Amino acid sequence: MKHASKLAFLAAAGMATAGAQAAEFEVEGTTLTLGGEIVLNYLYEKRDDGNDDTKFVDDGSKVVIAGERDLGNGITAYAEAEFEFNVLGNNDDVKRDGSVLGFVGEFGEVAVGASDNVYEDLISDAVDPFENASFEGADLTNEDSMVTYYSPDFDGFSFRLQGRHKNRDNQSAKVSLIAAAEYDFGPLALAAAYDSRGSKDSSKGSDFKSEDHVLGFSAVADISERVEVGARFSQVNNQDGNDQDFTAVVVSYDYGGGDLYGGAQNFDPKNGSSSSQVAAGINYELADSVMIFAEYGDLDRQLSNGNVIDAGDTDKLGVAGLIYEF
């Protein structure tokens, strides 16, 4: 299925794990892990503003440093930091992409920092096997300054809670609350999630009111040993009244050397005409830790009434790429 843009040092329910060829070192009781990935893409973008683009790009190469330590009493601490770089040399910047500190035990997991949005984990990713041709979705709470709790697995049921607080002088405090739950039956997993996307002080004591929240449901089913189907419904509630619905289905087929995948999505705004998106792709494991892929997406950014969602967005996308994990 989908190759994560972030190396999966943190597995679901969060223990630190090495990437495909990541190196591990023991230093006075702490396990340090060093790894990363190089991502190169050749892209063709047909844009809705008429400025089509063809380019060869680094699409997120990075180095990841992680560490974990047994604190005793069944508790393990871990930390991870990611640093982006450009292997093509188009710029010399090396910048921190994100970092997280966490604690894992029988209680579950607590993480502080740039954790993935749990709505995205269980809802958005259910229909996103793509590297580049991902379907459009709702804007979610930014993935920084997060405090996240992952519950243990209760015979297939688990939940995740997340909060983010931002406050500026002379402005209302903003608090984002995100919650997600999943029940894994084995061949079928069902999930629901909520993202407040930032609530603001209502000026009535300590009360807060939601604004622009997102509600989503997903299902992922193993039809056979090689075929997986994912479905998602997301409802975006906007204060201006222009609510939006996203409904998507994807199918992935493991043909042995890689995956063949594709899907479709319907975008239905309350104000304006609906539109549809389709995309397909294939990947192949060329060698250990080396994957190549090709994708095409007709993302239908222009609505039938002539309105463009975001001027300059890619309308059609073709991409061939290579990913090397180390």
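**Strand pairing, ring pairs and salt bridges**

Asp-53 has 27% relative accessibility and therefore counts as partly exposed. The model is predicted. Asp-53 meets the side chain of Lys-55 in a salt bridge, at 3.6 Å from N to O. The structure holds eight salt bridges and seven aromatic pairs.

**Salt bridges**

- Asp-53 and Lys-55 also belong to a network of salt bridges, in which they are linked with Glu-45.
- Lys-55 has a relative accessible area of 30%, so this residue is partly exposed.
- A salt bridge also joins Asp-144 to Arg-164, with the closest N and O atoms 2.7 Å apart.
- Asp-144 sits in the loop between helix 1 (118-122) and strand 8 (146-150), while Arg-164 sits in strand 9, so the pair ties together parts that are 20 residues apart in sequence.
- Arg-164 counts as buried, at 14% relative accessibility.
- Lys-316 pairs with Asp-298 in a further salt bridge, where the closest N and O atoms are 3.9 Å apart.
- That pair links distant parts of the chain, 18 residues apart: Lys-316 belongs to strand 20 and Asp-298 to strand 19.
- Lys-316 counts as partly exposed at 26% relative accessibility. Asp-298 counts as partly exposed at 25%.

**Strand pairing**

- Strand 20 (residues 314-325) runs antiparallel to strand 2 (residues 30-47), and eleven bridges join them.
- In this pairing, Ile-38 stands opposite Tyr-324 of strand 20.
- Strand 19 (residues 290-298) also runs antiparallel to strand 20, joined by nine bridges. Here Leu-322 in strand 20 is the bridge partner of Ile-292.
- Strand 9 (residues 157-166) pairs with strand 10 (residues 174-184) in the antiparallel sense, over ten bridges. Gly-163 stands opposite Leu-177 in strand 10.
- Strand 10 goes on to pair with strand 11 (residues 188-195), again antiparallel, over seven bridges. The bridge partner of Ala-179 is Tyr-194 in strand 11.
- Three residues lie between strand 10 and strand 11 in their hairpin, where Gly-186 takes a positive phi near 110 degrees.

**Aromatic pairs**

- One search over the whole structure gives seven aromatic pairs. Phe-130 and Phe-135 have ring centres 5.4 Å apart and planes at 65 degrees, so the pair is edge-to-face.
- Phe-130 is buried, at 0% relative accessibility. Phe-135 is buried too, at 10%.
- Tyr-324 and Phe-326 have ring centres 5.9 Å apart and planes at 35 degrees, so this pair is tilted.
- Tyr-324 is partly exposed, with a relative accessible area of 34%. Phe-326 is partly exposed at 24%.
- Ring pairs also link Tyr-261 with Phe-130 and Phe-135 in a cluster.

**Nonpolar surface patch**

- Which residues form a nonpolar patch on the surface? They are Tyr-253, Tyr-255, Leu-260, Ile-282, Tyr-284, Leu-286, Ile-292, Leu-322 and Tyr-324, with about 750 Å² of accessible area together.
- Strand 18 (275-287) and strand 20 are the elements that give two or more residues to the patch. Strand 18 gives the most, with three residues.
- Tyr-255 lies in the loop between strand 16 (244-254) and strand 17 (259-269). Tyr-255 is partly exposed, at a relative accessible area of 31%.
- Patch members Ile-292 and Leu-322 are also the bridge partners noted above.

Note on methods:
Residues are numbered from 1 along each chain as its sequence is written. This is a predicted model: local features need pLDDT of at least 70, side-chain atom pairs count only at pLDDT 80 or more; totals for chains, interfaces and linings use all residues. Side-chain values use heavy atoms; hydrogens and water are left out. Two strands pair if DSSP finds at least two bridges between them. Helices (H or I, at least four residues) and strands (E, at least two) are DSSP runs, numbered from the N terminus. Rings of Phe, Tyr and Trp (its six-membered ring) pair if their centres lie within 6.5 Å; planes under 30 degrees apart count as stacked, over 60 as edge-to-face and the rest as tilted. Buried means under 20% relative accessible area, exposed over 50%, partly exposed in between (1.4 Å probe, protein chains only). Patches are made of residues with over 30% relative accessible area and no salt bridge: like charges are joined within 9 Å, nonpolar side chains (Val, Leu, Ile, Met, Phe, Trp, Tyr) within 5 Å. Accessible areas come from the Shrake-Rupley method with a 1.4 Å probe; for residues, only the protein chains shown count as cover. A salt bridge is a side-chain nitrogen of Lys or Arg within 4 Å of a carboxyl oxygen of Asp or Glu.
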